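Please open the model in your viewer and keep the sequence beside it, as this tour moves from one selection to the next.

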Amino acid sequence: MKKMTKQQQRVRRHIRVRGKVSGTATRPRLAVFRSLTSLQAQLIDDTSSKTLVGVHTKKDAGSGDAGERTGKAAQSYLLGLEMAKQAKAAGISQVIFDRGGYQYHGRVKAFAEGARDGGLEF
């Protein structure tokens with residue numbers, strides 16, 4: 001049996017989760033993608049296959065108070081706050097969190113905490 005790479009394992013986990021998690025217009029799916037340098041997130045309505053709101057650390061993570069977080073975790077937290085702000089402007093308050101097959105710690109956790117602190121309900 002051939003060994004799977006970490007990327008293949010993540011994709012496999014993501015596919016398994018996506019079989020159970022689906023977003024609607026009233027409660028879209030908050031999908032997270034983490035790369036080595038940045039973090040991206042989208043609010044997706046799976047029933048109509050449309051992205052409602054999208055944020056990226058390269059353009060949306062501004063400056064602010066991230067608490068005791070530093071570096072990429074601080075950027076992720078601020079991106080979560082920005083996502084919540086844009087979601088509120090679009091009239092969305094409840095979401096389903098899709099961590100994309102990543103472990104719930106580090107940048108993914110910081111992003112989720114930022115989104116919750118910004119007013120989104122998971």
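Predicted model: local features only at pLDDT ≥ 70, side-chain atom pairs only at ≥ 80, totals over all residues.

Colour its buried residues next, among them Tyr-77, Leu-78, Leu-79 and Met-83, and then show what covers them, which includes strand 1 (29-34), strand 2 (39-45), strand 3 (50-56), helix 2 (57-60) and helix 4 (107-117). Just after helix 3, stop at Gly-91, where phi is positive, at about 85°.

Now turn to the salt bridges, of which the count comes to five. Select Arg-29 and Asp-46, whose side chains meet in a salt bridge at 2.9 Å, N to O; the pair links distant parts of the chain, with Arg-29 in strand 1 and Asp-46 in the loop between strand 2 and strand 3, 17 residues apart.

Asp-98 belongs to strand 4 (residues 96-98), so its pairing with Arg-29 in strand 1 ties together parts that are 69 residues apart in sequence. Is Asp-98 buried or exposed? Its relative accessibility is 0%, so Asp-98 counts as buried.

For the last stop, select Glu-113 and Arg-69, which form a salt bridge with their closest N and O atoms 2.6 Å apart. Glu-113 lies in helix 4 and Arg-69 in the loop between helix 2 and helix 3, so this pair ties together parts 44 residues apart in sequence.

How values were computed:
Residues numbered from 1 in each chain as written. Heavy atoms only, no water. Buried < 20%, exposed > 50% of the residue type's maximum accessible area, 1.4 Å probe, protein only. Helix = DSSP H or I, 4+ residues; strand = E, 2+ residues; numbered from the N terminus. Contact = heavy atoms within 4.5 Å. Salt bridge = Lys/Arg side-chain N within 4 Å of Asp/Glu carboxyl O.
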